Amino acid sequence: MNKQKHWYDYLWLWSIAFFVLGFFNILFAWLGMLDFGLPLLFALFGGNKFFCNNLCGRGQLFSLLGGRFGLSRGKPAPRWLSSKWFRYGFLVFFLAMFGNMLFQTYLVGAGASSLRESIKLFWTFRLPWDWAYTAGTVPAWVAQFSFGFYSLMLTSLLIGLIAMVLFRPRTWCSFCPMGSMTQGICKLKRLGKD
Ligand code: SF4
């Protein structure tokens with residue numbers, strides 16, 4: 001029997017739309033903060049992973065591409081990828097990169113650095129992206145945040161896609177920083193109740 005479809009089963013479309021919108025206008029990258037804030041809010045106030053299980057467009061996209069479209073080899077991932085040290089190590093690294101991105105935003109806002117209209121992939125390769133922003137539309141720091149955040153989102157998507165192709169469709173979920181954070185919060189909440 002077919003499972004009844006809900007509106008939120010189509011959130012993979014949002015995941016694609018985010019990157020398409022940011023390709024044309026980088027300021028749309030701010031919308032990605034929803035994907036950062038909502039999982040934390042569900043974990044903090046609901047004590048559950050409702051977001052991961054139902055509302056995550058990225059997870060759905062990996063399931064779709066890797067599952068229905070057969071773009072995944074479907075092999076089990078090496079165990080270290082889901083080990084605690086790797087998950088939390090990756091989380092710390094990711095948060096450090098997020099912090100660095102905020103610091104760059106601050107420098108631009110303070111006038112100590114100039115706006116870079118580019119995307120940085122894998123925290124290393126800089127790609128020009130200047131067509132997606134018209135100088136002066138918003139304060140420079142607002143645009144800098146957009147470029148930095150979009151870089152982070154695109155890099156993590158690409159890592160997830162590589163993991164999807166090499167292993168199972170949702171391998172990214174086993175070390176996704178948002179997943180690790182929400183899981184940690186849910187565990188702490190459960191401990192607090194015991
Ligand atoms: S672990 Fe990450 S990618 Fe996977 S469903 Fe949760 S938030 Fe989405």
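These are my notebook entries on a predicted model of one protein chain.

**Ground rules**

I number residues from 1 along each chain as its sequence is written, and my side-chain values use heavy atoms, with hydrogens and water left out. Since the model is predicted, I need pLDDT of at least 70 for local features and count side-chain atom pairs only at pLDDT 80 or more, while totals for chains, interfaces and linings use all residues.

**Entry 1: the overall layout**

I started with the helices and strands, which are DSSP runs numbered from the N terminus (helices are H or I with at least four residues, strands are E with at least two). I found seven helices and two strands in the protein chain. Reading along the sequence, I get α-α-α-α-α-β-β-α-α.

The C-alpha trace spans about 55 × 40 × 35 Å along its principal axes. For the radius of gyration I use C-alpha atoms, and my globule rule is 2.2 Å times the number of residues to the power 0.38. That rule puts a compact globule of 194 residues near 16 Å, and the protein chain has 18 Å, which agrees.

**Entry 2: contacts, surface and charges**

For contacts I want heavy atoms within 4.5 Å. Among the contacts with a separation of 6 or more, 80% join residues 24 or more positions apart.

How much accessible surface does the protein chain have? I get about 11100 Å², and carbon and sulfur atoms hold 68% of that. The areas come from the Shrake-Rupley method with a 1.4 Å probe, and for residues only the protein chains shown count as cover.

I call a residue buried under 20% relative accessible area, exposed over 50% and partly exposed in between. Buried residues make up 40% of the 194.

Then I counted charges, with Lys and Arg as positive, Asp and Glu as negative, and His and the chain ends not counted. I place each charge at NZ of Lys, CZ of Arg, CG of Asp or CD of Glu. There are 19 positive and 5 negative side chains, and the centres of the two sets lie 13 Å apart.

**Entry 3: the nonpolar cores**

A nonpolar core, for me, is a set of buried Ala, Val, Leu, Ile, Met, Phe, Trp, Tyr and Cys residues joined through side-chain atoms within 4.5 Å. Which residues touch the most other members of the largest core? Out of its 36 residues, they are Ile26, Ile119, Trp129, Phe149, Tyr150 and Leu154. I see at least two residues of this core coming from each of α1 (12-24), α4 (57-68), α5 (84-109), β1, α6 (140-166) and α7 (177-193). Helix α6 gives the largest share, 11 residues. Apart from this core I found another, of five residues, including Tyr8, Leu11, Leu55 and Cys56.

I also checked Trp129 by itself. Not counting residues up to four places away in sequence, Trp129 touches a list that includes Gly22, Phe23, Glu117, Ser118 and Phe147.

Phe122, though, has a positive phi near 55°, and Trp123 has a positive phi near 60°. Phe122 is partly exposed at 28%, and Trp123 is partly exposed at 24%.

**Entry 4: some helix residues**

Phe94 sits in helix α5. Is Phe94 buried or exposed? Phe94 counts as buried, because its relative accessibility is 6%. Beyond its neighbours within four places, Phe94 is in contact with Phe36, Trp123, Leu152, Ser156 and Pro177.

Pro39 is in helix α2 (residues 33-46) and is buried at 1%. Pro39 and Gly179 are 140 residues apart in sequence, yet I get 8.1 Å between their C-alpha atoms. Leaving out neighbours within four places, Pro39 has contacts with Leu34, Phe51, Met178 and Thr182.

Gln60 belongs to helix α4 and counts as buried at 13%. The residues Gln60 touches, again without those up to four places away, include Tyr8, Leu11, Asn54 and Arg170.

Last, I looked up Lys187 in helix α7. Lys187 is partly exposed, with 36% relative accessible area. Lys187 and Gly47 are 140 residues apart in sequence and 8.3 Å apart, C-alpha to C-alpha.

Technical notes. Buried < 20%, exposed > 50% of the residue type's maximum accessible area, 1.4 Å probe, protein only.
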